[in-house]
Amino acid sequence: MNLASYPPPLRQDALGAPLLPRLLLEATLSRTGLFDGAWWPRSRHVRNELPDLVTALSAHLGSVLRVGLDTVTWDEVPRTVTVDGRVVRISWFSGCDWTISLTRGFQDHFLLLVIPAATDARTASAAMEGAAMLGNRRTAAQLLTSGLFD
């Protein structure tokens, strides 16, 4: 590892501000709900979006070893991505729209709701709050279509 470039630089917006992942986790991390939080990527390009998410989650949860993605959600899903010099394996599946599973170790999984990149801010905010609520039980479809306003 080249320590001169560690930690790796964050992507920046047009004004030079860092693009931090739009991420909201359930505050206690008790893992009693359907989701452990939500992530709102800026695009459908998993190669660009995933490294920042894994870096942020690793700081809070520990090393992420594997990611499970729904192929419908993303353009061109690779088998691996390199994050901070580590290779993170990617599994993919269909039928679990708008979710991402992150694995730290054997039988240690976190499930996040993935907010579609083009979602308006109000809907995204409501869905993220719903997915990060303690004991949440709404499905991805319910959170993305109705948010917290039912």
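Analyst: A strand here is a DSSP run of at least two residues, marked E and numbered from the N terminus. The model is predicted. Thr 99 belongs to strand E6, which covers residues 99-105.

User: Why is Thr 99 called buried?

Analyst: Buried means under 20% relative accessible area. Thr 99 has 10% relative accessibility, so Thr 99 counts as buried.

User: What is Thr 99 in contact with, leaving aside its neighbours within four places in sequence?

Analyst: Its partners include Phe 35, Phe 93, Leu 111, Leu 112 and Val 114. Contact means heavy atoms within 4.5 Å.

User: Which strands stand at the edges of the sheet, and why?

Analyst: The sheet is open, with seven strands in the order E1-E2-E7-E6-E3-E5-E4 and mixed pairing. E1 (23-25) and E4 (80-83) each have a single partner strand, so one side of each lacks a neighbour in the sheet. From one strand to the next, the twist averages 25 degrees.

User: How do you know that E6 and E7 pair?

Analyst: Pairing takes at least two bridges. E6 and E7 (residues 108-114) have six bridges, in the antiparallel sense. Thr 103 stands opposite His 109 in E7.

User: What makes Asp 108 and Arg 31 a salt bridge?

Analyst: The cut-off is 4 Å between a side-chain nitrogen of Lys or Arg and a carboxyl oxygen of Asp or Glu. Asp 108 and Arg 31 meet at 2.9 Å, N to O. The two are 77 residues apart: Asp 108 is in strand E7, and Arg 31 is in the loop between E1 and strand E2 (37-39).

User: Are Asp 108 and Arg 31 buried or partly exposed?

Analyst: Asp 108 is buried, because its relative accessible area is 17%. Arg 31 has 31%, so Arg 31 is partly exposed.

User: Which residues are linked in a network of salt bridges?

Analyst: Arg 31, Arg 104 and Asp 108. Asp 108 also bridges to Arg 104, with the closest N and O atoms 2.8 Å apart.

User: What does the salt bridge of Arg 44 and Asp 75 tie together?

Analyst: Their side chains meet at 3.2 Å, N to O. Arg 44 lies in the loop between E2 and helix H1 (46-61), and Asp 75 in the loop between strand E3 (66-70) and E4, so the pair ties together parts 31 residues apart in sequence.

User: Where does the charged end of Arg 22 sit?

Analyst: Over the ring of Trp 40, 3.7 Å from its centre. The distance cut-off is 6 Å. Arg 31 lies over the face of Phe 110, at 3.9 Å from the ring centre.

Conventions
Residues are numbered from 1 along each chain as its sequence is written. This is a predicted model: local features need pLDDT of at least 70, side-chain atom pairs count only at pLDDT 80 or more; totals for chains, interfaces and linings use all residues. Side-chain values use heavy atoms; hydrogens and water are left out. Helices (H or I, at least four residues) and strands (E, at least two) are DSSP runs, numbered from the N terminus. Buried means under 20% relative accessible area, exposed over 50%, partly exposed in between (1.4 Å probe, protein chains only). Axes are lines fitted to C-alpha atoms, for helices over the stretch in contact, and angles run from 0 to 180 degrees between N-to-C directions. A charge sits over a ring if NZ of Lys or CZ of Arg is within 6 Å of the ring centre and within 35 degrees of the ring normal.
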